[in-house]
Amino acid sequence: MNSTEVLSFTDGLGIDGETVLLDRRSFPTATDAGQRVHTTAANSRSVLVSGGSRGIGAAVASHLAVDGHRVATLSRSGNADPSSGLSLACDVTDAESVELAVKQAAADNGPVEVLIANAGITDDKLVLRMGEESFTRVLDTNLTGAYRLVKAVAGPMLRNRWGRIVFISSVVAMSGSAGQANYAASKSGLIGLARSLAREFGPRGVTCNVIAPGFIDTDMTAVLREERRDDVLSSIPLNRMGSPADIAATVGFLTSDAGGYVTGAVIPVDGGLGMGH
Ligand SMILES: NC(=O)c1ccc[n+]([C@@H]2O[C@H](COP(=O)([O-])OP(=O)(O)OC[C@H]3O[C@@H](n4cnc5c(N)ncnc54)[C@H](OP(=O)(O)O)[C@@H]3O)[C@@H](O)[C@H]2O)c1
């Protein structure tokens, strides 16, 4: 492939005849020392990571930036590590905010080729005490937020006949979890969303997969009571919490060219907690 190519596609998905600029020149990327270097990686991709300011999303952004990709992260605060690329303030519950952020990422890094829909929240309560506001707020962030991101980035992926979408779900999508009906419902919803997209987008070279993390050491789990943490830990065959880097490594494979024949999959990264579901 030349360094820059102009492609034109006609297809049956209502995106006929648009002209797409594919830029394959060298781009600046990050090192973990925070210094910027230039890589000439032929497969450097434009990557968007939601919820990239901390925890799993920050580890994913760093992993992909170190691999030579052009990364943009989204979070409400916009406070991601600058060594991982462009950091944008964006609330995934707001479609307009998502559209603007995706435009900004594309302007800096080129059309988004890899989407990691990772932003998520919890609001744990037993269901009889869970108001509708709590239920819909968690769904709006974790599930509808992922849908909004897909809507904003999918067009160029389909036109370019290459794309990678990864949803960060959870072990509780399959197991359920007392006190997390809203969260578990949102995380199960991501599986149906991903598998539908895998069918819709597969013929255009876009894969869509789900990672189901187990118990990962981040701000989200730091708030759990000690007894609850001990209880979960005792159920993990590998006998430790996962690290954000464990999830990032799996994202790295799924989004690589080597992961190109995997789609519609739900991959547990949980130390055996769900035993493959
Ligand atoms: N930690 C675990 O054990 C675990 C297990 C299974 C699945 N997961 C899933 O993994 C993902 C990341 O979890 P984590 O543990 O890394 O959580 P975390 O440390 O709480 O980080 C959550 C990230 O999402 C962002 N975010 C939250 N609401 C947002 C919104 N409306 N718009 C944009 N960004 C938003 C946060 O940034 P701002 O606050 O600045 O917006 C932050 O960057 C979540 O989807 C979570 O459900 C986590």
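A residue is near a molecule or strand if its C-beta atom, placed from the backbone, lies within 6 Å of it. In this predicted model, local features need pLDDT of at least 70 and side-chain atom pairs count only at pLDDT 80 or more, while totals for chains, interfaces and linings use all residues. Residue numbers start from 1 along each chain as its sequence is written. Helices (H or I, at least four residues) and strands (E, at least two) are DSSP runs numbered from the N terminus.

**Ligand**
- The ligand is surrounded by 31 residues, and the closest are Gly51, Gly55, Arg76, Gly120 and Thr218.
- The shell around the ligand has 11 nonpolar, 16 polar and four charged residues; Ala, Val, Leu, Ile, Met, Phe, Trp, Tyr, Cys and Pro count as nonpolar, Asp, Glu, Lys and Arg as charged, and the others, Gly among them, as polar.
- At least two residues of this shell come from each of α1 (55-66), β6 (70-75), α3 and α6 (219-222).

**Sheet**
- Seven strands form an open sheet with parallel pairing, in the order β7-β6-β5-β8-β9-β10-β11; two strands pair if DSSP finds at least two bridges between them.
- β7 (86-89) and β11 (266-269) are the edge strands, each pairing on one side only.
- Strand β5 (residues 46-50) pairs with β6 in the parallel sense over five bridges.
- Valine 49 stands opposite threonine 73 in β6.

**Helix contact**
- In the contact of α2 with α3, Ala95, Val98, Glu99 and Val102 in α2 meet Arg148, Leu149, Ala152 and Val153 in α3; contact requires C-beta atoms, placed from the backbone, within 7 Å.
- The residues of this contact divide into six nonpolar, no polar and two charged.

Technical notes: Contact = placed C-beta atoms within 7 Å.
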